Amino acid sequence: RASHTRKLPATRTMEDKPKQRCEGADPTMLAYQGLFGIGTVAVIFYGGYNYCGCIVPLPATSRAEDRFGYALRCTFPMLLLLMFAALKVMALRASSAALDPLAGNEGIVLLHKNILTNTLEQFVVSVMLMLVATSLFMSKEEMKLVALFAFSFMVGRILYRSGYCCKDNAYRGFGMAISLYSQVVLLAVICYRMAAEYISDAAVTAKAYQILEF
């Protein structure tokens, strides 16, 4: 007897989604991207601090309120990039079948969601580093490092997004390297300043004890 069971429409699962365009990363290409990232960061910080200082705006005074206000203003273009990434996901979701996040069509916005998530993570880490550095920098000249760090963040994020959206998304490593090495540079400066302050305070304390002993 012929079966009259109705065939249900096939539903898309995560296994049905298109595979990532980049199955594996070429170690040589990643190494080159890392080296180019180091070179770009070196040019931004060394060249910007020593040769382009006249075009880098500085806070009005070296007072704490001016320094922190300056640092927060430097985060504004960084925030714009984060908002752009969020708006891109929202627009893509609103104009596609991914409007319902439970419908199994998240693959449509997966790439831009990854960009948004990574940008948000880098933004939080970068802003915290900028604020800590601002609390340690006592001169207007040192605040140039904060502005150059914000600029390197923007360059890294733009190149990261461009590399992620290109034919082979492994090219995002160049932008990621710029963001990472910029954070390493600012973190190294912070550690140096904190160590210098600790040593200085310890020397002052030791000198005070010597005076009291006499």
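Colleague: Shall we start in the middle of the chain? In which helix is Val125 found?

Modeller: This is a predicted model, where local features need pLDDT of at least 70 and side-chain atom pairs count only at pLDDT 80 or more, while totals for chains, interfaces and linings use all residues. Residues are numbered from 1 along each chain as its sequence is written, and side-chain values use heavy atoms, with hydrogens and water left out. Helices are DSSP runs of H or I with at least four residues and strands are runs of E with at least two, numbered from the N terminus. By that rule, Val125 is found in helix α3.

Colleague: Thanks! How far apart in space are Val125 and Gln183, C-alpha to C-alpha?

Modeller: Val125 has a relative accessible area of 41%. Along the sequence, 58 residues separate Val125 from Gln183. In space, their C-alpha distance is 8.3 Å.

Colleague: Let's zoom out. How many helices and strands does the protein have?

Modeller: Reading along the sequence gives the pattern α-α-α-α-α. The count is therefore zero strands and five helices.

Colleague: What share of the contacts with a separation of 6 or more joins residues 24 or more positions apart?

Modeller: The protein has 214 residues, and 33% of them are buried. Among contacts with a separation of 6 or more, the share from residues 24 or more positions apart is 76%.

Colleague: How far apart are the end C-alpha atoms of helix α2?

Modeller: Helix α2 covers residues 64–94, which is 31 residues. The expected span is 1.5 Å times one less than the number of residues, so α2 should span 45 Å. The value in the model agrees, with the end C-alpha atoms separated by 44 Å.

Colleague: At which residue does α2 bend?

Modeller: The bend is the angle between axes fitted to the seven residues ending at a position and the seven starting there. In α2 this angle is about 30°, and it occurs at Pro77.

Colleague: Which residues does Cys74 touch, not counting those up to four places away in sequence?

Modeller: Cys74 is one of the buried residues of α2, with a relative accessible area of 11%. What covers the buried residues of α2 includes α3 (110–136) and α4. Cys74 and Ala147 are 73 residues apart in sequence, yet 6.0 Å apart C-alpha to C-alpha. The residues that Cys74 touches are Met130, Val146, Ala147 and Ala150.

Colleague: Now the rings! Why is the Phe36 and Phe174 pair classed as it is?

Modeller: The structure holds two aromatic pairs, where rings of Phe, Tyr and Trp (its six-membered ring) pair if their centres lie within 6.5 Å, and planes under 30 degrees apart count as stacked, over 60 as edge-to-face and the rest as tilted. Phe36 in helix α1 (residues 27–50) and Phe174 in helix α5 (residues 172–213) tie together parts that are 138 residues apart in sequence. Phe36 is exposed at 55%, whereas Phe174 is partly exposed at 23%. Their centres are 6.5 Å apart and their planes are at 80°, so the pair is edge-to-face.

Colleague: What about Tyr160 and Tyr164: what is the angle between their planes?

Modeller: Both tyrosines lie in helix α4 (residues 144–165), four residues apart, about one turn of the helix. Tyr160 and Tyr164 are buried. Their pair is also edge-to-face, at 5.6 Å centre to centre, with an angle between the planes of 90°.

Colleague: Which residue lies over the face of Tyr164?

Modeller: A charge sits over a ring if NZ of Lys or CZ of Arg is within 6 Å of the ring centre and within 35 degrees of the ring normal. Lys144 does this over Tyr49, 4.4 Å from the ring centre. For Tyr164, at 4.8 Å from the ring centre, the residue is Arg172.

Colleague: Last one: which residue's backbone nitrogen lies 2.9 Å from a polar side-chain atom of Gln33?

Modeller: Gln33 is in helix α1 and is buried, with a relative accessible area of 6%. Residues that Gln33 touches include Tyr171, Arg172 and Phe174. The backbone nitrogen at 2.9 Å belongs to Gly173.

Conventions: Buried means under 20% relative accessible area, exposed over 50%, partly exposed in between (1.4 Å probe, protein chains only). A polar contact is a pair of N or O atoms within 3.5 Å; within protein, one must be able to donate a hydrogen and the other to accept it, and residues adjacent in sequence count only if both atoms are side-chain atoms. Contact means heavy atoms within 4.5 Å.
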